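This report describes the fold, pairing and packing of the structure shown below. The sections proceed from strand pairing to the relation of the copies and then to individual residues.

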2 protein chains.
Amino acid sequence: MKKMIIASTSTVHGSSYLEYLLPTLQLHFKGVKQIVFIPYARPSGITYDGYTAIVKKAFSNINIDVKGIHEFDNAKEAIGTSEAIFTGGGNTFELVNQLYKNDILSILKEVIAKGTPYLGTSAGSNICGVNMKNTNDMPIVYPPSFTTLGCIPFNINAHYLDPIEGSTHMGETRETRIKEFHVFNETAVLGLREGSWLEVNNDDIFLRGKLTARLFEQNKQPIELKSGGLIKF
Amino acid sequence: MKKMIIASTSTVHGSSYLEYLLPTLQLHFKGVKQIVFIPYARPSGITYDGYTAIVKKAFSNINIDVKGIHEFDNAKEAIGTSEAIFTGGGNTFELVNQLYKNDILSILKEVIAKGTPYLGTSAGSNICGVNMKNTNDMPIVYPPSFTTLGCIPFNINAHYLDPIEGSTHMGETRETRIKEFHVFNETAVLGLREGSWLEVNNDDIFLRGKLTARLFEQNKQPIELKSGGLIKF
């Protein structure tokens, strides 16, 4: 009964926060009056209140109310009784750290499995995978574990970037980093470019948006998946 | 008595492995016959033997022999009795993971403090700081801790990159990531551009190479440090 939108980014260049996704979200959250928002990833260290205000404004365009999880007395209960959930982007290490500290990973997984509509963007999408080992974020805090929700049977690399032709920078490309991951891990990784998202209908996972996505499997050449198609491997 | 070279990168664009540093290393390792090499960071998952062979070839240009730490029966003893040490670049998470697994962090710190000449490049430089929380690497393995050598009183951001003007990518810039770090941490961070290195003479730390470096302190505007100068703050 899973019903999820797992997006590479909240914002595409040249448009406002969540703007490109709003038509999709209107259908995804049909009938929902209030979304519980998880602001733990705190991009640029913004406060939970500040972050929630931005999300509230975006969802007011489709007449849905938003309440931050920090505004509830009991975070677990807030998730357990929520109509719908949105986890925003920011730093994946701090997000996962707070999910553990607030002990809400299992209840989150449980309600998603039962059909509570979920939206994740960027860090909020990374946590839908098996673990957070393919985040691009800086490890600014040390979470108790890298294990995440496992709502999908692979990992996400959000904001996937193709190698920049002619670059003289010697840092690793994204593809090199994911190949290094596969020296130590078996889990497949989907490189989701900005503007792409996954639509999860129970166990069917579709690629949406205009772009292809790059699938990396251990000991295989990476392949490009077409938008609109079911993701199978 | 510390004597360290802490370099942003092993290789600058258009030249061979360690080439730009060789004149410096010839002086730094004067009188040294054999360097113990720590290949744990394994860039692109290369084997310890393969990595050591590359390093051996580079140092043969200045007539110094290289032996991988994995070729010794006892890693701790190898560090304890070494004439000089080089930790190469690659994945900082796996490097730190192996430093803990092989239990050589304290002996490494000890011999560096006593004056054993040390060279670090990239990941091998990140570990000289207080912790590894400013690495750019992907968290492909979960190390037991992010705490590192603390041979210098600040952290390194290797391969420091300035924001790319006109970029439409929505991922965070390096500066934004370091600012996020300072929401949760007090440790200063030095952004070392490729081609820059630090020369540590006991407690004096000099910036070397042609470029400036960018110093980030909590609650302060970042500043550019000039090459040749002592690093003080």
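In chain B, E8(B) pairs with strand E9 (residues 204–208) in the antiparallel sense over five bridges. The model is a predicted one. Within this pair, Asn201(B) has Asp204(B) of E9(B) as its bridge partner. E8(B) and E9(B) form a hairpin with two residues between them, and Asn202(B) in the turn has a positive phi of about 55°. Strand E8 (residues 197–201) of chain B also pairs with strand E1 (residues 3–7) of chain B, again in the antiparallel sense and over five bridges. In that pairing, Asn201(B) stands opposite Lys3(B).

In chain A, strand E8 (residues 197–201) and strand E9 (residues 204–208) run antiparallel and are joined by five bridges. Leu198(A) has Leu207(A) in E9(A) as its bridge partner. The two strands E8(A) and E9(A) form a hairpin with two residues between them, where Asn202(A) in the turn has a positive phi of about 55°.

## Relation of the two chains

Two copies of a chain are related by a rotation about an axis and a shift along it.

## Overall form of chain A

Chain A contains seven helices and 11 strands. Its C-alpha trace spans about 50 × 35 × 35 Å along the principal axes. For 233 residues, a compact globule would have a radius of gyration near 17 Å, and the value of 17 Å for chain A agrees with this.

Of the 233 residues of chain A, 59% count as buried. Among contacts in chain A with a separation of 6 or more, 68% come from residues 24 or more positions apart. Chain A exposes about 9,700 Å², of which carbon and sulfur atoms supply 50%.

In soluble globular proteins, nonpolar side chains tend to be buried together. The largest nonpolar core has 104 residues, and the members that touch the most others are Ile38(A), Ile79(A), Leu198(A), Ile38(B), Ile79(B) and Leu198(B). Leaving aside neighbours within four places in sequence, Ile79(A) is in contact with Val36(A), Ile38(A), Ile69(A), Ile85(A), Ile104(A), Ile107(A), Leu108(A) and Val111(A).

Helix H7 (residues 174–184) of chain A has Arg174(A), Glu175(A), Arg177(A), Ile178(A), Glu180(A), Phe181(A) and His182(A) as buried residues. Their cover includes strand E6 (155–157), strand E7 (189–191) and strand E10 (213–216) of chain A.

Phe72(A) lies in the loop between strand E3 (65–68) and helix H3 (75–80) of chain A. The relative accessible area of Phe72(A) is 23%, and the residue is partly exposed. Leaving aside neighbours within four places in sequence, Phe72(A) is in contact with Gln34(A), Val36(A), Lys67(A) and Ala78(A). The C-alpha atoms of Phe72(A) and Thr148(A) are separated by 23 Å, with the two residues 76 residues apart along the chain.

Tyr17(B) is found in the loop between E1 and helix H1 (22–28) of chain B. Tyr17(B) has a relative accessible area of 18% and is buried, since the cut-off for that class is under 20%. Not counting residues up to four places away in sequence, Tyr17(B) touches Ser10(B), Thr11(B), Tyr51(B), Ile54(B), Val55(B), Ala58(B) and Phe86(B). Tyr17(B) and Pro43(B) are 26 residues apart along the chain, and their C-alpha atoms are separated by 13 Å.

## Positive phi at two serines

Most residues other than glycine have a negative phi. Ser44(B) is not a glycine, yet has a positive phi of about 55°. Its place is in the loop between strand E2 (34–38) and helix H2 (48–60) of chain B.

Ser122(B), also not a glycine, has a positive phi of about 55°. The loop that holds Ser122(B) is between strand E5 (118–121) and helix H6 (123–126) of chain B. Ser122(B) counts as buried at 11% relative accessibility.

Key: Residues are numbered from 1 along each chain as its sequence is written. Chains are lettered from A and ligands numbered from 1 in the order in which they are written. This is a predicted model: local features need pLDDT of at least 70, side-chain atom pairs count only at pLDDT 80 or more; totals for chains, interfaces and linings use all residues. Side-chain values use heavy atoms; hydrogens and water are left out. A nonpolar core is a set of buried Ala, Val, Leu, Ile, Met, Phe, Trp, Tyr and Cys residues joined through side-chain atoms within 4.5 Å. Buried means under 20% relative accessible area, exposed over 50%, partly exposed in between (1.4 Å probe, protein chains only). Contact means heavy atoms within 4.5 Å. Two strands pair if DSSP finds at least two bridges between them. Helices (H or I, at least four residues) and strands (E, at least two) are DSSP runs, numbered from the N terminus. The radius of gyration is taken over C-alpha atoms; the globule rule is 2.2 Å times the number of residues to the power 0.38. Accessible areas come from the Shrake-Rupley method with a 1.4 Å probe; for residues, only the protein chains shown count as cover.
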